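Let's take a quick tour of a ligand site and the space around it. Have the viewer open and follow along.

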Amino acid sequence: MTLETHLRAVREGGRTALVPYVTGGITESWTDLLAAYEAAGADAIEIGLPFSDPMLDGVTIQEASDRSLARGTTVESILSDLAGISVGIPLIAMTYANLALRDGFCARLRAAGVVALVVPDVPLDEVSDLERSAAAAGVELVLLAAPSTPPAKLPEIATRSRGFLYAISRMGTTGEAGELAESATVLADAIRNATDLPVLVGFGVSTPAHAVHAARHADGVVVASTLMRALLDGATPSEVGARVAAMRTALDTMAP
Amino acid sequence: MRDAPAVDRIRAGQMAEPSTAGRFGGFGGRFVPESLVPACQEVERAFREAWADPRFRGQLDRLLAGYAGRPTALTPAWRLSGDLGITLLLKREDLAHTGSHKINNVLGQALLARRMGKTRLIAETGAGQHGVATATAAALLGMRATVFMGQRDIERQALNVFRMEMLGAEVVPVTSGSRTLKDSCNEAMRHWVGAVEDSYYCIGSVMGPHPYPWMVREFQRVIGDEARTQCATELPAAVPDYVVACVGGGSNAAGTFAGFVDTSARLIGVEAAGGAAMTDGAVGVLHGFRSRVLQDDQGQIAEAHSVAAGLDYPGIGPEHAHLGELGRATYVTVGDDEVVAAVHRLARSEGILCALESAHAVAWVIRAAESGELPPGATVLLTLSGRGDKDMSALMELA
Ligand SMILES: Cc1ncc(COP(=O)(O)O)c(C=O)c1O
């Protein structure tokens, strides 16, 4: 089953997709987080493959990436860590162009059981090469739209995106936020007008209330920095999992 | 001779406009988050209009002449030439206002930003010369300026930090990664995502997403165009045998080469041995463009190491990667020791204290003349990209 089919089924089941993130290799036992997320009711998991120069990441994911790279993490080591475990929900890789455009990258992802890929510094106009290698490897390449994206461009982004369409909530980098940006719901509404591909909102979704707010306009949320901040500050995988579980509960019990 | 027309055709097409996707051969492009695509498109539209507008060109020319002090002199290096047995001509960008070629590009971009209705300039800086130029242009045009600078460079280039602050700019220390130029580029880019409404990102070299590599080269081509005219009166053959410039991102070299790409001159770009993207790099994507980049075998970007902060950059402008691939330009490296020796030698023989960056070009000419790689009697145009005042404390530590 493709990620897109899976997310459509989640939506048809009346449920909001919850996609927590982890920076691969951030700790020795980072794969424990995958189990914790799954147990907490995640619908898919985004795994960051750390890059030395993450242009669209704020301080938290930068710190998470630096910590992971300092441990000697490589794409190879993350993928081989994955080979040793079984996860019952789809895995999505997120990384930058310099890693994603290397020969054989998508095929290696697929061989490790990763079904989809998000590359924030490859916009629609530059996507052709990556689109081809992802398709050839059977990896769904997720495209992104931002608040600055002209509405007229959304249909093409939606047509070429696979899996879902990633709505960047605000004009800024990843990072925890006090409030969900107004631009998040405006963009999600505009995307929904343009396509019936599932739309997931990410960047700054930090609390159950943010998740619920986004869910009124989108099919799901991606939650990253707030979880990595907790982990960097010493939370255990089960404590981080509990935050995901709190979001799950809030989403499942929200008023329609 | 049979090949001549083909060669001419290649030459004429070189250093022209990139493709609509911003490609120089296979290099360049616009690898930025979707969030920044409209801002890059807005810059491209504005630049195309301005560059075709005689009023804009007139405004810029007046500033370059009356404010920046152009044309800069072409100075024969008499004594060094005699010692080396060649004819060495120095294109004196060190004499431009603020002390380097960076002002040429910044005046162009700042005028463009004002024309676009932006009120604030954002810049990254390594040695601080681009930051100083940006702070200067902002003061001149009544705009605000925020300059991102790596913490390590702030320590190495304290004088330029103080200059920027004197000029009213805000200097933001960058503490991520290697705390040098590449990290200040990341940080400027991140900041721009959240500030595109009122802020213009003034990139300091022929790098970044389309249209920057092309636009910055066009704003710097004044170096090469002037030098071409000056060489025509200075040299019997009108065109030098060699054209040499140092390369960090590659803007002074690109501007210089643009004036000579259609001639028989050999074009030589000199990189720092510890930051030689052409020699040691592999094709990759960094800071919005595809080019040659220093990286490890996993694709993580490597840190550059040079005595010259302005050359501590792991990438190189995409057009240089293209010119190198075509064989139209050649890229060589020199080490820190030769560079420091070259600063001293030029100072003692010509009374010109140049920047450590510029001294890379001088060091290569000295080495090549002494080894015979430059034939006796060769004529050489060398772009001296900046003056050395900013490097005095670094040189004092090395003394
Ligand atoms: C004097 C001087 N020359 C050269 C450079 C390198 O830049 P580019 O290669 O773009 O000319 C710098 C950069 O800071 C500089 O200050």
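**Ligand site briefing**

Of the 18 residues around the ligand, the nearest are B:Ser205, B:Gly248, B:Gly250, B:Ser251 and B:Ser385; near means that a heavy atom lies within 4 Å. Keep in mind that this is a predicted model, where local features need pLDDT of at least 70, side-chain atom pairs count only at pLDDT 80 or more, and totals for chains, interfaces and linings use all residues. Side-chain values use heavy atoms, with hydrogens and water left out, residues are numbered from 1 along each chain as its sequence is written, and chains are lettered from A and ligands numbered from 1 in the order in which they are written.

**Polar contacts** (pairs of N or O atoms within 3.5 Å)
- B:Ser251 puts a polar side-chain atom 2.7 Å from a ligand oxygen atom.
- B:Lys102 has a polar side-chain atom 3.0 Å from an oxygen atom of the ligand.
- For B:Gly249, a polar backbone atom is 3.3 Å from a ligand oxygen atom.
- On its own the ligand has 390 Å² of accessible area, and the protein covers 97% of that (Shrake-Rupley method, 1.4 Å probe).

**Shell**
- At least three shell residues come from each of domain 1 (23-63 + 102-212) and domain 2 (69-100 + 221-398) of chain B, with bounds from an automatic or database domain assignment.

**Cavities** (sets of points on a 1 Å grid over the protein atoms alone where a 1.4 Å probe fits but cannot get out)
- The structure has 8 cavities of 30 Å³ or more.
- The largest cavity holds about 320 Å³ of space, a volume filled by probe spheres set on the points.
- Its lining counts 31 residues, and B:His101, B:Lys102, B:Ala127, B:Gly310 and B:Glu357 are closest to the centre; lining residues have an atom within 4 Å of a point.
- The ligand sits in the largest cavity, meaning more than half of its atoms lie within 2 Å of the grid points.

How values were computed:
Polar contact = N/O pair within 3.5 Å; in protein donor to acceptor, adjacent residues only side chain to side chain. 1 Å grid on protein atoms, 1.4 Å probe; cavity = no way out; pocket = protein on both sides within 12 Å on 5 of 7 lines; lining within 4 Å.
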